Amino acid sequence: MELIDSHCHLYLPDYAGDIGEVMERAASAGVGRFYLPAIDRENEARLFDLERRYPGVCFAMQGLHPCSVKEDFREELKRVEASLAARPFAAVGEIGLDFYWDRSFEIQQYQAFHQQIEWALHYSLPIVIHSRQSMEQSIGVVREHQHGKLTGIFHCFNEDEKSAREIIDLGFYLGIGGTVTYKNSRLPEVLKHVPLENIVLETDAPYLPPVPFRGKRNESSYIGFVASKIAEIKGVSLETVASVTTANALKIFAL
Ligand SMILES: [Zn+2]
């Protein structure tokens, strides 16, 4: 049984002391591939270092996170553009709109999102979308660029059935993580109506750990708790969830 963590930030300083053990535990839990979403300039070297240390296991994305779209976003985008031209990446990500933390760079967030989708199309890369308190708007932006060539993941999906349906109709996938295990989550009800063929697993480590690890640092070895919950919701075996979601991830990512 092979699982894929389609979204984890294992390069962050949270793991500086024990990344070797974190990777070993994940391997024991059946996680064979780790997709690392980029955030910004500050985190780029760490991300590339981890990818170099685990070749064929860790795969880098490149992109500017919407929460890192600030005064210097044009320089940040130049760096992203140069990097995309210089080497292959698994995806352009994570990119999108976040109106939860700060709306003062809303216009710039839109500009960065549009621009990075155009680069993804240029390099035939999927996109990994971060959308918080902006689902309608994010879906709208993707729709503008969808002429049949664009694909990717709405990461950390935690919305209603209508949004799920729109995302699937756009040819995109739902990234499902620890929040599906939370007691008051509406996701279990929503996922009953979502085919397994449109779901990928993720941890978003170190954030959003599944039950029973809430309040702790998340890590990729916990992804089995997400997979088990989905198996329970869909009434299928854990093996089925593993094989279908792994096949989905391999189909989406360019590496
Ligand atoms: Zn993330």
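The largest cavity in this predicted model is lined by Ala38, Ile39, Asp40, Asn43, Glu44, Leu47, Phe48, Met61, Gln62, Gly63 and Arg79. Its volume is about 40 Å³. For the whole structure, the count of cavities of 30 Å³ or more is 1.

Where does the largest share of that lining come from? Helix H2, residues 41–53, supplies 4 residues of the lining.

Now the metal site. Which residues are the protein donors of the zinc ion? They are His7 and His9, each through NE2, Glu94 through OE, and Asp204 through OD. These donors lie 2.1 to 2.8 Å from the zinc ion. If you want to find them in the sequence, the spacing along the chain is H-x1-H-x84-E-x109-D.

His9 is in the loop between strand S1 (3–5) and helix H1 (19–28). Asp204 is in the loop between strand S8 (199–201) and helix H8 (223–234). The pair therefore ties together parts that are 195 residues apart in sequence. Are these two buried or exposed? Both His9 and Asp204 are buried.

Last, the geometry. Why is the arrangement around the zinc ion called irregular? The 4 donor atoms subtend angles of 87 to 178 degrees at the ion.

Conventions:
Residues are numbered from 1 along each chain as its sequence is written. This is a predicted model: local features need pLDDT of at least 70, side-chain atom pairs count only at pLDDT 80 or more; totals for chains, interfaces and linings use all residues. Side-chain values use heavy atoms; hydrogens and water are left out. Donors are N, O and S atoms within 2.8 Å of the metal (3.2 Å for Na, K and Ca); water is not among the atoms, so sites may look incomplete. Four donors count as tetrahedral if all angles lie between 85 and 135 degrees; four count as square planar and six as octahedral if opposite donors are over 155 degrees apart and all others between 65 and 115; anything else is irregular. Helices (H or I, at least four residues) and strands (E, at least two) are DSSP runs, numbered from the N terminus. Buried means under 20% relative accessible area, exposed over 50%, partly exposed in between (1.4 Å probe, protein chains only). On a 1 Å grid over the protein atoms alone, a cavity is a set of points where a 1.4 Å probe fits but cannot get out, and a pocket is an open set with protein on both sides within 12 Å along at least five of seven lines; lining residues have an atom within 4 Å of a point. Grid points are joined across faces, edges and corners, and a volume is the space filled by probe spheres set on the points.
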